[in-house]
Amino acid sequence: MSYPARWWHPEPDGKLLCTLCPRYCRLGDGQAGFCYIRKNEGGELVSLGYGRTTGFASDPIEKKPLNHFLPGTSILSFGTAGCNLGCKFCQNWDMSKARLDTLASAPVTPAEVVDLAVAQSCPSVAMTYNDPVIWAEFAVDIAKEARARGVRSVLVTAGYVTDEARAELYENIDAANVDLKAFTDDFYHKVTFSHLGPVLETLKWIKRETKVWLEITNLMIPGLNDAESETKQLAEWIGAELGDEVPLHFTAFHPDFKMRDIPRTPPSTLTRARQLARDAGLKYVYTGNVHDRDGGTTCCPRCAAPVIERDWYAIRPVGLRVGAGGVGSCRACGARIAGHFDLPVRASDGRRRGLGLVYGGD
Ligand code: SF4
């Protein structure tokens, strides 16, 4: 199943240069790129991932993680095979390091993906599990179809994409969670086989040039990217370059793939990181992959009242008011809560899902 790829051109020596991600693979006839799923077939670059998923799941949107975008709803989640990064700690390595022909992936069209979301009462779809950048042609077509039918589209990505492809990839995307894996190029180079600079460029571009709702995840790996000085720098950079309303999630690592000799992240590391980021002025900072009700709860940035309590994926909108257009505010003091709290799709039984008790304000 070869689909014509975009973002490439032939080089003078006859090889093809893929310009989709900053890896810029040069491919001779018959060669596939680092990501496995883009290939030179007879002088044309093709995507082997178009229409091929590794299966679908209906997840809590908080699992992506997104805490300020349609909280309390389910999101239809899926990925393909391959990846353009080489993270030694990959937590989805069975998919990201797989070749498509080793996976039982059924062909599906963008319209069928959206049909499935609607049938499962999911107001949004997530392109996740492996990085959707490498199957951008499919992601673009799904997001276009979803927007036409009132379903929201989410990218869960490492943000490793070129200037050339960014605008088209994000044109119909509503929200993204971007993995900021560390704040040193040394970590990116040695542990992920990529570079920090293009990720920071993507984050700035999303915030400045688009209306995409943005949240950021930092997976903390003991001894590799959890130094307090690095956490402070990361949080200060977010505040200065992206603003203090971008939610930041510090999540726990578990031993996996090529890093089975490193212990799990202690919850105290995440709690300390959360405090450092809040001290740096960020308004919405969370811990993840651990049981931590305080670290999962959204509080009003003005009066500190709990607004949305989270205990794993149990969501209680204890102090949120939702007004017209899905604008959120604190019930206690009226301060605006950044995010998108509206629900664009009605379930087949005519009832709204998610934060139904407070939807529409009072
Ligand atoms: S998208 Fe894949 S083929 Fe293209 S440059 Fe990146 S890793 Fe290489």
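1. Start with Asp311: in this predicted model, Asp311 is partly exposed, at 23% relative accessible area. The side chain of Asp311 meets that of Arg293 in a salt bridge, 3.2 Å from N to O. Asp311 sits in strand β16 and Arg293 in helix α9, so the bridge ties together parts 18 residues apart in sequence. Arg293 is partly exposed too, with a relative accessible area of 46%.

2. How many salt bridges does the structure hold? There are 20. One of them joins Asp115 and Arg149, whose closest N and O atoms are 2.6 Å apart. Asp115 belongs to helix α2, while Arg149 is in the loop between α3 and β10, 34 residues apart.

3. Glu228 and Arg272 make another salt bridge, with 2.9 Å between the closest N and O atoms. This pair links helix α7 to helix α8 across 44 residues. Glu228 is partly exposed at 40% relative accessibility, and Arg272 is partly exposed at 38%.

4. Have a look at helix α4 as well. Its buried residues are Ala165, Arg166, Leu169 and Tyr170. They span an arc of only 115 degrees around the axis, so they fall on the same side of α4. In general, an α-helix has 3.6 residues a turn, so residues three or four places apart point the same way. The buried residues of α4 pack against α3, β10, β11 and α6.

5. Finally, the largest pocket holds about 1200 Å³ of space. It is lined by 48 residues, and the closest to its centre are Lys63, Lys64, Pro65, Thr251 and Asn289. By class, the lining has 18 nonpolar, 17 polar and 13 charged residues.

Definitions and conventions. Residues are numbered from 1 along each chain as its sequence is written. This is a predicted model: local features need pLDDT of at least 70, side-chain atom pairs count only at pLDDT 80 or more; totals for chains, interfaces and linings use all residues. Side-chain values use heavy atoms; hydrogens and water are left out. On a 1 Å grid over the protein atoms alone, a cavity is a set of points where a 1.4 Å probe fits but cannot get out, and a pocket is an open set with protein on both sides within 12 Å along at least five of seven lines; lining residues have an atom within 4 Å of a point. Grid points are joined across faces, edges and corners, and a volume is the space filled by probe spheres set on the points. Ala, Val, Leu, Ile, Met, Phe, Trp, Tyr, Cys and Pro count as nonpolar, Asp, Glu, Lys and Arg as charged, and the others, Gly among them, as polar. Buried means under 20% relative accessible area, exposed over 50%, partly exposed in between (1.4 Å probe, protein chains only). Helices (H or I, at least four residues) and strands (E, at least two) are DSSP runs, numbered from the N terminus. The arc is that of the directions from the helix axis to the C-beta atoms. Contact means heavy atoms within 4.5 Å. A salt bridge is a side-chain nitrogen of Lys or Arg within 4 Å of a carboxyl oxygen of Asp or Glu.
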